[in-house]
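Colleague: I would like to learn how to read strand pairing in a model such as this one. Could we go through it together, step by step?

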Amino acid sequence: MNPNCARCGKIVYPTEKVNCLDKFWHKACFHCETCKMTLNMKNYKGYEKTPYCNAHYPKQSFTMVADTPENLRLKQQSELQSQVRYKEEFEKNKGKGFSVVADTPELQRIKKTQDQISNIKYHEEFEKSRMGPSGGEGIEPERRDAQEQPPHHIPTSAPVYQQPQQQQVAQSYGGYKEPAAPGSIPRSAPGGGGKRYRAVYDYSAADEDEVSFQDGDTIVNVQQIDDGWMYGTVERTGDTGMLPANYVEAI
């Protein structure tokens, strides 16, 4: 049995039937209650099961709540709870010397720029220490002090092998000492007990202070510079320099 139209009350046949708002309508009868504009399933808005257009959709108005004693008590209680929470947060952050700052895109950009500037300054200082006039400026203080230790602090056979290797490095580089020259003698250097790592990927040096290596190469005398970079010697080629930490694994 065909239903009746919710607007005109006449029978609605299947070819012209619109089923919406739990009622049946003729297509021509499905229009805005105010301006009579014909609507469809995409542009109508229902209010109390009556169709309206977007312009004449009834706006709901809020009624004012009287300030009864109960409402005043709840309002005062909410304010007290807010003050208690504020004091708790203040006490937690007291003495830390900083305030919580939202991590906005602008702050992220500034932080990234500062990290890049710090990285550039670090490389500049590292290059200055490498190219120092004494030739040994690039060696860390612990390793340089270890190199200058008298022979009686190390096995008697160590100086026999240590001196020729240092001379050989100086000759191969035209009298210029690489900063990690002691790294080529890991067993004889008293303070240079660097770790050994194995390369898990191929890497080509992107800067003059870096070293290239292949998958499977052994890196000796490795020292951690920061979370992303290390300093060591490629055992296969004898080259010494910086290398990315995520390209190697400890042996």
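Modeller: Let us begin with the term itself: two strands are said to pair if DSSP finds at least two bridges between them. This is a predicted model, and in it strand 6 (residues 218–224) pairs with strand 7 in the antiparallel sense, over four bridges.

Colleague: Which residue of strand 7 does Q223 stand opposite, and how many residues lie between strand 6 and strand 7 in their hairpin?

Modeller: Q223 stands opposite Y231 in strand 7, and the hairpin that strands 6 and 7 form has four residues between them.

Colleague: With which strand does strand 8 pair, and over how many bridges?

Modeller: Strand 8 (residues 240–244) pairs with strand 7 over five bridges, again in the antiparallel sense, and here T233 faces T240 of strand 8 as its opposite residue. The hairpin of strands 7 and 8 has five residues between the strands, and within that hairpin G238 takes a positive phi near 80°.

Colleague: How should I read burial along a strand, and how many residues of strand 7 are buried?

Modeller: In a regular strand, side chains alternate between the two faces of the sheet. A residue counts as buried when its relative accessible area is under 20%; in strand 7 (residues 229–234), five of the six residues are buried, which leaves the strand mostly covered. For the protein chain as a whole, 27% of its 251 residues count as buried.

Colleague: Where do these strands belong in the overall order?

Modeller: The protein chain has four helices and nine strands, and along the sequence they follow the pattern β-β-β-β-α-α-α-α-β-β-β-β-β.

Note on methods
Residues numbered from 1 in each chain as written. Predicted model: local features only at pLDDT ≥ 70, side-chain atom pairs only at ≥ 80, totals over all residues. Heavy atoms only, no water. Buried < 20%, exposed > 50% of the residue type's maximum accessible area, 1.4 Å probe, protein only. Helix = DSSP H or I, 4+ residues; strand = E, 2+ residues; numbered from the N terminus.
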